[in-house]
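Hi,

Here is the structure I said I would pass on.

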Amino acid sequence: MQTFLSKEVYEQLISVYGSPLYVYDETILRQRCREIRQLCKDPGFHPQYSVKANANIELLKIIRSEGIHADAMSMGEVVQEEAAGYTKDEIVVCSNNMTPPEMKFAAEHARITILDSLDQLEQYLKTTGVKQAGIRVNPGIGDGHCTKVITGGNTKFGIPLADIPKAQKIAHDFNASITIAHMHVGSQYLDPSNFLQAAEVLLRVVEQWLPEVTEVDFGGGFGVPYHDEKRLDINDIGKDLDDLIMDFQRRTGRKLSFIVEPGRYLVAECGELIGTVTSIKQNSGTLYAGTDLGFNIMMRHVLYGSTHHIVTTSSSDQTAEYTVVGNICETGDILAEHIKLPTLKPGDQVIVLTTGAYGFSMASQYNGRLRPAEVLHQEDGSFRLIRQRDTFDSLIHQLPSLL
């Protein structure tokens with residue numbers, strides 16, 4: 001796997017913006033958006049971006065300019081989407097365990113809200129008085145790179161198939177309609193078979209129990225290669241979805257709109273995280289490369305056991321086996337274990353690839369560490385700061401007693 005910039009440029013970026021640093025490539029982001037836009041041939045198809053993957057407002061502006069709508073998991077994400085220019089008609093809220101104030105906010109700021117349970121559907125209709133809502137269907141099928149991201153089957157998400165008629169009754173009791181049916185099987189799958197099987201289940205649910213549905217949301221979760229895995233074939237997925245849609249239309253005579261909502265697929269590969277080696281030491285036979293890349297700014301390894309491809313600016317023609325760790329005071333603060341890299345020394349840069357998704361969006365100030373800046377590598381080759389680095393004031397500015 002290759003970086004999208006040269007070693008010299010990474011060093012220059014660190015000298016200007018500091019270390020660590022997130023960098024995003026506009027060309028790659030636009031390319032992924034266009035691939036998803038062309039996924040299905042059905043005229044009712046339109047994609048939307050799952051903003052939780054990366055909510056930087058400047059990236060949202062680019063995604064919106066490519067004609068992709070927005071999915072929000074929280075009211076905070078709605079606010080970020082609106083700041084990027086998204087209008088109410090371009091936003092769908094698909095949250096779970098919402099409070100009544102959140103329900104009211106969603107009804108006012110999104111074109112429709114998708115509810116995750118029978119009681120949430122009832123609360124929403126009672127609280128807001130709206131006459132249209134969506135439901136999240138649990139198709140009984142899940143997939144994903146680890147159990148923590150599998151969202152179909154035995155998870156907290158969605159309404160079981162047996163309860164779909166109850167959802168329809170709740171809507172009718174409030175003189176309302178269920179107009180969108182949604183599903184999600186999980187995240188970071190590279191084999192689409194479970195996704196396609198669940199999509200077929202969802203279409204059968206719509207056919208049998210949801211006559212007022214006008215939109216079907218197949219969810220997202222499309223995976224990307226973090227090392228040398230085979231790429232997910234987006235064209236093949238699109239053809240299979242088109243076949244399912246055409247078969248549904250032949251059976252039912254219903255012409256619906258169809259949605260997918262990828263997050264990772266759009267932004268993961270456009271992002272890289274640059275850090276600096278701070279120390280090299282050996283403990284109990286393990287050679288450690290200490291860096292300023294604590295899990296407060298990239299926690300996928302700690303949370304999911306995931307690893308990313310790592311390269312370095314080291315010019316050494318010798319290699320060594322390193323466990324690359326961060327600066328957080330926890331034993332589990334590890335980026336990668338026992339990987340071969342050119343011989344490192346303090347001051348070398350390390351570049352962690354494919355970090356545009358669930359990188360900064362999951363960052364924190366744990367251990368009093370500051371979150372990094374974010375920079376956009378624009379199509380014309382220039383760089384633009386799109387988020388300032390935290391300062392020490394960032395750690396205390398919300399504490400009234402210290403203001």
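The second largest pocket comes to about 260 Å³ in volume. Bear in mind that this is a predicted model. Thirteen residues line that pocket, and those nearest its centre are Lys281, Asn283, Tyr288, Val325 and Gly326. Two strands, strand 11 (271–283) and strand 12 (286–291), each put at least two residues into the lining. Strand 11 gives the most, with five residues. Sorted by class, the lining of the second largest pocket holds five nonpolar, seven polar and one charged residues.

While you are looking at those two strands, check the loop between strand 11 and strand 12, where Ser284 sits. Ser284 has a positive phi, near 50 degrees, and is not a glycine. Is Ser284 buried or exposed? Ser284 counts as exposed because its relative accessibility is 83%, and the cut-off for exposed is over 50%.

Asn175 is another non-glycine residue with a positive phi, this one about 55 degrees. You will find Asn175 in the loop between helix 7 (164–173) and strand 8 (177–182). With a relative accessible area of 63%, Asn175 is exposed too. As you know, most residues other than glycine have a negative phi, and most peptide bonds are trans.

On that last point, which residues does a cis peptide bond join? The pair is Ser19 and Pro20, with omega at about 0 degrees. Pro20 lies in the loop between helix 1 (7–17) and strand 1. Strand 1 covers residues 21–25 and includes Tyr22. Tyr22 is at 0% relative accessibility, so it counts as buried. Tyr22 and Gly356 are 8.1 Å apart from C-alpha to C-alpha, although 334 residues separate them in sequence.

Now for the largest pocket, which holds about 580 Å³ of space. It is lined by 29 residues, and Ser50, Lys52, Met73, Thr151 and Tyr358 are the closest to its centre. The class breakdown for that lining is 10 nonpolar, 11 polar and eight charged residues.

Last, the surface. Phe392, Leu395, Ile396 and Leu399 make a nonpolar patch of about 360 Å². Leu399 belongs to the segment after strand 18 (383–387). Leu399 has a relative accessible area of 40% and is therefore partly exposed.

Cheers

Conventions
Residues numbered from 1 in each chain as written. Predicted model: local features only at pLDDT ≥ 70, side-chain atom pairs only at ≥ 80, totals over all residues. Heavy atoms only, no water. 1 Å grid on protein atoms, 1.4 Å probe; cavity = no way out; pocket = protein on both sides within 12 Å on 5 of 7 lines; lining within 4 Å. Points joined across faces, edges and corners; volume = space filled by probe spheres on them. Nonpolar A, V, L, I, M, F, W, Y, C, P; charged D, E, K, R; others polar. Helix = DSSP H or I, 4+ residues; strand = E, 2+ residues; numbered from the N terminus. Patch = residues over 30% accessible without salt bridge, like charges linked within 9 Å, V, L, I, M, F, W, Y side chains within 5 Å. Areas by Shrake-Rupley, 256 points an atom, 1.4 Å probe, with all protein chains shown as cover. Salt bridge = Lys/Arg side-chain N within 4 Å of Asp/Glu carboxyl O. Buried < 20%, exposed > 50% of the residue type's maximum accessible area, 1.4 Å probe, protein only.
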